[in-house]
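Here is a short briefing for a first look at this structure. It covers a pocket, then the ligand and its surroundings.

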Amino acid sequence: MAEPLFRRLALIGVGLIGSSLARIARERGDLAGEVVACARTAKTRARVMELGIADRVEEDPARAVAGADCVMLAAPVGAFADLAAAIAPHLAPGAILTDVGSTKQSVIRDVGPLVPAGVHFVPAHPLAGTEYSGPDSGFVTLFQGRYTLVVPPPGTDEDAIGRIEELWRRCGSTVERMEPAHHDRVLAIVSHLPHLLAFTICGTADDLADESRSEVLRFAASGFRDFTRIAASDPVMWRDVFLNNREALLEMLARFLEDAQAMARAVRWGDAGYIEDKVERGRKIRRSLIELKQA
Ligand code: NAP
């Protein structure tokens, strides 16, 4: 077995993403010699110890990062500024600080200025997830065959970037580098807007009278069901994503609304060709996803 990449990995947040990493570290043995987990609530900390996926749990993030050569922020992105302020004075010289947050410009804005000299900051984002959250929801194959985008600010130490890229490769991910603003625009269209639409459509359905609401649930299999799966995601995580990728999300939403208006017009005027064309385009996109093994 290869040498562990890190002596001690501190995971700040052990929900779906953090606990999946902890499980992989347990199973493979070549990610970290020791895993320290940090969570806010006693319930999560107790559960992590019961699951046996960390060597130690800490309530205080400052204690969790002491002596760690890799620290990963895996809490909701809205908590990153406070977490970074709490851990910054306690980060070991030469340590790598990384994260898994779904927005990247905000993380660089909130965390970057607090990183002490001699600590390497390598933001990243694994494009893998489910609608479940908490320490029980993680699993070892979560990142397999999925992309992880590594988004280092200019001038970041190449060796530190290489080690984070290797960590994600060992988790089964395909690694790509991306520029932060580009990351946020791409994610706005492929992930954040679809979630916004799912939350909205479920809200719209729920606003209907009691009688039709029961109809919605009884006949949900016709497409609505797929929206409800996405809409089951964690409210705090998604609140933070929307508020921390505001501009790109609003831009994509505006474009979407224009296109939706065009579709509404086609429906109103019976423009069958337009409608068929859009549906055909959707099918093509689905087929290419299947070919790329990202379905
Ligand atoms: P999660 O399952 O809800 O877990 C969040 C973890 O963070 C929990 O351990 C929680 O502790 C801790 N936490 C919450 N608020 C905190 C705070 N204010 N200070 C310190 N710790 C706090 O979340 P997740 O789905 O793993 O997401 C974690 C990060 O990964 C987020 O930044 C998200 O944007 C990103 N991400 C998520 C997905 C996805 O699909 N879920 C995919 C890629 C990236 P307690 O349980 O004790 O509250």
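**Pocket and ligand at a glance**

The second largest pocket has a volume of about 240 Å³. Its lining counts 13 residues. The model is predicted. A ligand is also present, and 26 residues surround the ligand.

**Lining of the second largest pocket**

- Closest to the centre of this pocket are Gln 105, Asp 184, Asn 244, Asn 245 and Glu 247.
- Helix H11 provides the largest share, with four residues.
- Sorted by class, the lining holds six charged, four polar and three nonpolar residues.
- Both domain 1 (6-178) and domain 2 (182-291) take part, and each gives at least three residues to the lining.

**Shell around the ligand**

- The residues closest to the ligand are Val 14, Thr 41, Thr 44, Ala 75 and Ser 102.
- Helix H1 (16-28) and strand E6 (120-126) are elements that each supply at least two residues of the shell.
- By class, the shell has 14 nonpolar residues, 11 polar residues and one charged residue.

**Polar contacts and burial of the ligand**

- Thr 44 uses its side chain: a polar atom there lies 2.6 Å from an oxygen atom of the ligand.
- Ala 75 uses its backbone: an N or O atom there lies 2.7 Å from an oxygen atom of the ligand.
- Gly 134 also uses its backbone, where a polar atom is 2.8 Å from a ligand oxygen atom.
- Taken alone, the ligand exposes 900 Å², and the protein buries 87% of that area.

Definitions and conventions. Residues numbered from 1 in each chain as written. Predicted model: local features only at pLDDT ≥ 70, side-chain atom pairs only at ≥ 80, totals over all residues. Heavy atoms only, no water. Near = heavy atom within 4 Å. Polar contact = N/O pair within 3.5 Å; in protein donor to acceptor, adjacent residues only side chain to side chain. Areas by Shrake-Rupley, 256 points an atom, 1.4 Å probe, with all protein chains shown as cover. Nonpolar A, V, L, I, M, F, W, Y, C, P; charged D, E, K, R; others polar. 1 Å grid on protein atoms, 1.4 Å probe; cavity = no way out; pocket = protein on both sides within 12 Å on 5 of 7 lines; lining within 4 Å. Points joined across faces, edges and corners; volume = space filled by probe spheres on them. Domains from an automatic or database assignment.
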